[in-house]
Amino acid sequence: MKRNDTERTISFSPPDMSELEERQVVDALRSGWITTGPRVKKLEHLLAQFVGVNDGMEDGNIEKVAADPSLVCLNSATASEEMIFRVLGVGPGDEVIVPAYTYTSSAAAAIHVGAKVVFIDSQPESLEMDYEKMREAITPRTKAIVPVDLGGVPCDYDKIYEVVTDPEIRKMFLPLEADESDDDLTKLGSRIQKKLGRVAIVADGAHALGASRFVTRSSADPEGENDRKEKKMVGSLADFTSFSFHAVKNFTTAEGGAASWSLPFVVNRILTKEEIEQGEVSNAEIYHWFQLLSLHGQSKDALAKTQLGAWEYDIIAPLYKCNMTDIMGGIGLAQLERYPGLLARRRKIIAKYDAACDELGVEHIVHFTNDYTSSGHLYITRITGCDDTQRRSIITKMAERGVATNVHYKPLPMMTGYKRIGWNIEDFPNAYQLFSNEITLPLHTKLSDEDVDYVINVFLETVREVRGY
Ligand SMILES: Cc1ncc(COP(=O)(O)O)c(C=O)c1O
């Protein structure tokens, strides 16, 4: 990373790959099986265990796989969120609530299934959406809310569940009716919606693998009947969660993602026809539908078809293609082994950035409190009193000294594609304010201590120069 003694080149978020990942990739390549297979399956069980959902293993032992996990690995977070909506039966005529201050895929996945996105402004001084406005936006058409655990910080799920379980809000909820339908997926969505009996929480945990929060309410206890704070990992806070393993994420498989579900009413055995008619839902059924959705609706996956003589398969519907390959699965297994160490290193860098921002009087994302532990994905700062022009100047000057920064996020109502659907940033003043003076510092595990000191030094000097303090 060194250019000379005083100048360095700091990239924004390079992947952290070691010999462990290299070995996994080579092993996958040499194994004769490179698409979805044993590595992906193993990763699903281990990730399910990591995020605290049903892992399908006896005694948490990967050698003793007994059932399907409540997590499926796919090729992106976007596909994961979209497939979640399809399993949940969200589609045309439905509304999905999404914060305006996020990346496009939080909203695009809902649009892909034909639902209408309803954007919510941010709180004045927080990256989370305004929960009062979220409550006001719920209508009988609302099927899901997509909280975004931005930068790795889990949202306030106590507040979110308090709203969706409020009897007045619950009363409005109209679950999908599928009595006349002969489509098994629609029927599954209808059964899940009826069992939930309320708006579903479909978290965008793209940034937040490994994050956790102490809550009284979560998917396991939405009404907070227990009245006891419990630590829950992102993945088991919401009803459904999507994760991203894209190249810039803390945990990467180059591209990739996962969908997890935490539905206490789900039964861990095969159901009888009568039980299904009575509205019961099994974990195996949800898992199986994610497989079908991600692999053309083909009744057998490629591995099953390689069994001698087992050539015949059916296509139960012309579905989608977004499965994870075993090469990616192998990278994921190595990353998971290294992940505790990677998270710990991020925490150390964050402590240094926090001290520097506090010294400078710059606001910053708070990654660690008594209430939550972030995955430490993004180091979001807000340069107090700075306008968009000064912010751009700081970014350029830092780039001239070799430090790549970024902006998270330009709110979606400012983007052409969303303006075309009729959204206007003037209706989201808090999101605009958050954006206008935001700068994200490089935060990744390829940074040496000297790199971190260099970033801090360049940041302090540049902000002081541009802001005149
Ligand atoms: C908040 C958020 N959600 C979803 C995604 C989509 O992830 P993927 O590229 O894996 O689809 C991203 C990607 O950066 C993101 O930042």
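1. Glu-82 comes out as buried, with 11% relative accessibility; buried here means under 20% relative accessible area, exposed over 50%, and partly exposed in between (1.4 Å probe, protein chains only). Arg-86 is buried too, at 17% relative accessibility. The two form a salt bridge, with 2.9 Å between the closest N and O atoms. A salt bridge means a side-chain nitrogen of Lys or Arg within 4 Å of a carboxyl oxygen of Asp or Glu. Both residues sit in helix α3 (residues 77-88), four residues apart, or about one turn of the helix. Helices (H or I, at least four residues) and strands (E, at least two) are DSSP runs, numbered from the N terminus.

2. Before you read on: this is a predicted model, where local features need pLDDT of at least 70 and side-chain atom pairs count only at pLDDT 80 or more, while totals for chains, interfaces and linings use all residues. Residues are numbered from 1 along each chain as its sequence is written, and side-chain values use heavy atoms, with hydrogens and water left out.

3. How many salt bridges does a search of the whole structure find? The search gives 29. As background, side chains of opposite charge can pair when their charged atoms come close. One network of salt bridges links Asp-16, Glu-21 and Arg-338.

4. Lys-133 and Asp-130 form a salt bridge, their closest N and O atoms lying 3.5 Å apart. Lys-133 is partly exposed at 38% relative accessibility, whereas Asp-130 is buried, with a relative accessible area of 15%.

5. Another bridge joins the side chains of Lys-352 and Asp-453, at 3.1 Å from N to O. This pair links distant parts of the chain: Lys-352 belongs to helix α12 (residues 326-360) and Asp-453 to helix α16 (residues 449-467), 101 residues apart. Lys-352 counts as partly exposed at 32% relative accessibility, and Asp-453 counts as partly exposed at 42%.

6. On to the ligand. Which residues are closest to the ligand? Of the 15 residues that surround it, the closest are Thr-78, Asp-204, His-207, Ser-244 and Lys-249; a residue is near a molecule if one of its heavy atoms lies within 4 Å of it. The space that the ligand takes is the largest pocket. Two elements give two or more residues to the shell around the ligand, namely α3 and α4 (104-112).

7. Some atom-level detail on the ligand's oxygen atoms. A polar side-chain atom of Thr-78 lies 2.4 Å from a ligand oxygen. An N or O atom in the side chain of Ser-244 is 2.7 Å from an oxygen atom of the ligand, and a polar backbone atom of Ala-77 is 2.9 Å from one. On its own the ligand has 390 Å² of accessible area, and the protein covers 90% of that.

8. Is His-207 buried or exposed? His-207 is buried, with a relative accessible area of 8%. His-207 lies in the loop between β5 (200-204) and β6 (212-215). A polar atom of the His-207 side chain is 2.9 Å from the backbone nitrogen of Gly-151.

9. Last, have a look at Leu-43, in helix α2 (residues 38-51). Leu-43 is buried, at 0% relative accessibility. The C-alpha atoms of Leu-43 and Gly-330 are separated by 8.0 Å, although the residues are 287 apart along the chain.

Terms used:
A polar contact is a pair of N or O atoms within 3.5 Å; within protein, one must be able to donate a hydrogen and the other to accept it, and residues adjacent in sequence count only if both atoms are side-chain atoms. Accessible areas come from the Shrake-Rupley method with a 1.4 Å probe; for residues, only the protein chains shown count as cover. On a 1 Å grid over the protein atoms alone, a cavity is a set of points where a 1.4 Å probe fits but cannot get out, and a pocket is an open set with protein on both sides within 12 Å along at least five of seven lines; lining residues have an atom within 4 Å of a point. A molecule sits in a cavity or pocket if more than half of its atoms lie within 2 Å of its grid points.
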